[in-house]
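Student: Please show me how to read a protein model, one feature at a time.
Tutor: Gladly. Keep the picture open while we talk.

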Amino acid sequence: MYQLLPSSCLVIFLIFYSFHILPCDSSNQGTGWCETLFQCGNITAGFPFSGGNRHKDCGHPLLQLHCNKNNITTLSISNQKYSVLHIDQTSNTLTLTKPDLIGSFCSSVFTNTTLPPETFELSPTYKSVNVFYQCSSLPPDLSSYTCPKIGPISVSETTVKTPESCRSSFTVKVPTSFVTTEKELNVTNLESVLRKGFEVKVVAINDNVCQECLSSHGRCHVFNEYLTPGVKCHPPKESFVPWIIGAVSILILIGVFVCLGIRNKVLVGRVFNTRNS
């Protein structure tokens with residue numbers, strides 16, 4: 001019977017040890033789900049972005065990043081793929097470029113750079129310009145250049161309607177400092193600014209709610225994927241910790257009483273045996 005005392009105390013010690021590590025484990029489970037960041041090359045991003053090891057519910061459905069085999073981050077916007085050159089999480093701005101415009105301009109795939117206004121806002125330091133091509137002739141007031149195999153092209157930031165002499169047009173984003181009034185279009189300069197990309201601000205979601213959620217160790221994610229997205233905060237799993245602590249405390253007290261009861265029985269038994277002898 002004397003051997004029961006150490007075994008009971010060992011049980012109590014194990015319970016106490018579990019009680020000690022419980023808050024740490026629970027904390028990790030409560031905060032880890034959306035704290036995982038997207039990482040690719042030199043790009044690291046959290047909310048409102050998702051992608052990679054970061055769950056899709058932890059970001060806006062239109063801001064799912066991808067990492068290609070060359071460690072280049074890409075983002076699909078209006079069914080077009082863009083390379084992400086930089087992300088500033090403080091201001092929620094991105095620097096984007098179109099892969100089909102980073103080489104020779106005359107050999108590029110001419111498609112519009114379209115940004116959904118409900119999701120993105122072009123930085124005030126950039127502007128949209130129109131590029132006209134497949135032209136038989138060009139108005140004298142437009143900056144122009146002749147591409148091999150394509151013929152004359154021109155760039156304008158004021159003319160919205162395609163000239164009658166041109167069959168097609170598209171838009172690109174360039175810095176506001178880019179000059180479109182010169183008689184001869186500086187294609188080398190145009191190629192350079194297109195390679196550097198343009199900057200946009202994410203306006204889809206005000207992330208103040210999410211930041212407050214994360215600061216309280218909650219799990220922040222986007223809901224209503226096919227409607228207007230919003231932010232929802234799941235409370236941390238630590239909210240269950242007080243109940244668990246209470247239950248473990250009761251078990252410890254019960255164990256203490258059991259241990260004391262066994263100890264008293266051992267002492268009484270010894271006294272009784274001593275008297276009988």
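Student: Which residue takes a positive phi in the hairpin of β9 and β10?
Tutor: K149 does, with phi near 70°, and the hairpin has three residues between its strands. Strands (E, at least two residues) and helices (H or I, at least four) are DSSP runs numbered from the N terminus. One caution: this is a predicted model, where local features need pLDDT of at least 70 and side-chain atom pairs pLDDT 80 or more, while totals for chains, interfaces and linings use all residues. Residues are numbered from 1 along each chain as its sequence is written, and side-chain values use heavy atoms, with hydrogens and water left out.

Student: Is K149 buried or exposed?
Tutor: Buried means under 20% relative accessible area, exposed means over 50%, and partly exposed lies in between (1.4 Å probe, protein chains only). K149 has 91%, so it is exposed. K149 sits in the loop between β9 and β10.

Student: What other residue has a positive phi although it is not a glycine?
Tutor: The general idea comes first. Most residues other than glycine have a negative phi, and most peptide bonds are trans. Here S78 has a positive phi of about 50°. S78 is in the loop between β4 and β5 (80–88). Its relative accessibility is 38%, so S78 counts as partly exposed.

Student: Which peptide bond is cis?
Tutor: The bond from F47 to P48, with omega near 10°. Find P48 in the loop between β2 (43–45) and β3 (66–67).

Student: How many bridges join β9 to β10?
Tutor: Strands pair if DSSP finds at least two bridges between them. Five bridges join β9 (residues 143–147) to β10, and the two run antiparallel. Look for T146, which stands opposite P152 in β10. On to β8: three bridges join β8 to β10, again antiparallel. There N130 has S156 of β10 as its bridge partner.

Student: How many residues of β10 are buried?
Tutor: Five of its six, so strand β10 (residues 151–156) is mostly covered.

Student: How many salt bridges does a search of the whole structure find?
Tutor: A salt bridge puts a side-chain nitrogen of Lys or Arg within 4 Å of a carboxyl oxygen of Asp or Glu. The search finds one. The side chains of E157 and K127 meet at 2.7 Å, N to O. This pair links distant parts of the chain, 30 residues apart: E157 is in the loop between β10 and β11, and K127 is in strand β8. K127 is buried at 12% relative accessible area, whereas E157 is partly exposed at 38%.

Student: How many aromatic pairs does the ring rule give?
Tutor: Rings of Phe, Tyr and Trp (its six-membered ring) pair if their centres lie within 6.5 Å; planes under 30 degrees apart are stacked, over 60 edge-to-face, and the rest tilted. The count is six. Take Y133 and F170: their ring centres are 5.9 Å apart and their planes stand at 70°, so the pair is edge-to-face. The pair links distant parts of the chain, with Y133 in strand β8 (residues 126–135) and F170 in strand β11, 37 residues apart. Both Y133 and F170 are buried. Together with F105 and F110, they form one aromatic cluster.

Student: What lines the largest cavity?
Tutor: Its lining includes T97, L101, V172, K173, V193 and F198. β11 (166–175) and α2 (187–196) each supply at least two lining residues. Five lining residues are nonpolar, three polar and two charged. Here Ala, Val, Leu, Ile, Met, Phe, Trp, Tyr, Cys and Pro count as nonpolar, Asp, Glu, Lys and Arg as charged, and the others, Gly among them, as polar.

Student: What volume has the largest pocket?
Tutor: About 190 Å³. S78 returns here, in a lining that also includes P61, H66, I77 and F120. Strand β4 (residues 73–77) gives the largest share, three residues. By class, the pocket lining has seven nonpolar, five polar and no charged residues.

Methods: 1 Å grid on protein atoms, 1.4 Å probe; cavity = no way out; pocket = protein on both sides within 12 Å on 5 of 7 lines; lining within 4 Å. Points joined across faces, edges and corners; volume = space filled by probe spheres on them.
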